[in-house]
Amino acid sequence: VLTKNKQAEDAEARIVSTLTKIHGKTITIHAQTNEYGVLFSSIHKKDVLDEILHIAHGPITMDMFELPDAIKNAGEYPITLKYKVYSAKIKLEVTK
């Protein structure tokens, strides 16, 4: 039987392991754009989380990263995931 403290330690270890695994990675979201690179449909935090979970396969939540506004243009966007004192930097690439 695991104690609550041991369960919390295991959960934290899984999160830290996942952050270590994805640090420095690039995630790509393909989207339809016009000729100026403006997206027909904005990319939201949930869309980004889905892509992160696709490569991370770990306990990442929307609370762990900031996306100031919906993404409306193709391009590269730095994202920092944070959990307590741990962090991972990834790059989001939105392409046509």
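Modeller: Residues 24 or more positions apart account for 55% of the contacts in the chain with a separation of 6 or more. A contact means heavy atoms within 4.5 Å. The model is predicted, so local features need pLDDT of at least 70 and side-chain atom pairs count only at pLDDT 80 or more, while totals for chains, interfaces and linings use all residues. Residues are numbered from 1 along each chain as its sequence is written, and side-chain values use heavy atoms, with hydrogens and water left out.

Biologist: How do you know which elements the chain has, from the N terminus on?

Modeller: Helices (H or I, at least four residues) and strands (E, at least two) are DSSP runs, numbered from the N terminus. The chain has 2 helices and 5 strands, in the order α-β-β-α-β-β-β.

Biologist: Why is H1 called roughly perpendicular to H2?

Modeller: Helix H1 (residues 4-22) and helix H2 (residues 45-56) pack at an angle of about 95°, with their axes 10 Å apart. Axes are lines fitted to C-alpha atoms, for helices over the stretch in contact, and angles run from 0 to 180 degrees between N-to-C directions. Angles under 35 degrees count as roughly parallel, over 145 as roughly antiparallel, 65 to 115 as roughly perpendicular and the rest as oblique. The angle therefore makes H1 roughly perpendicular to H2. Where they meet, Thr-18, Lys-21 and Ile-22 of H1 touch Ile-52, Ile-55 and Ala-56 of H2.

Biologist: What makes a set of residues a nonpolar core?

Modeller: A nonpolar core is a set of buried Ala, Val, Leu, Ile, Met, Phe, Trp, Tyr and Cys residues joined through side-chain atoms within 4.5 Å. Buried means under 20% relative accessible area, exposed over 50%, partly exposed in between (1.4 Å probe, protein chains only). The largest such core has 24 residues, and Ile-52 and Ile-60 are among those with the most contacts inside it. Not counting residues up to four places away in sequence, Ile-60 touches Thr-18, Leu-19, Leu-49, Ile-52, Leu-53 and Leu-81.

Biologist: Why does His-57 count as exposed?

Modeller: His-57 has 63% relative accessibility and therefore counts as exposed. His-57 lies in the loop between H2 and strand E3 (71-73).

Biologist: What is the phi of His-57, which is not a glycine?

Modeller: The phi of His-57 is positive, at about 50°. Most residues other than glycine have a negative phi. Lys-84 likewise has a positive phi of about 50°, and Lys-84 is placed in the loop between E4 and E5.
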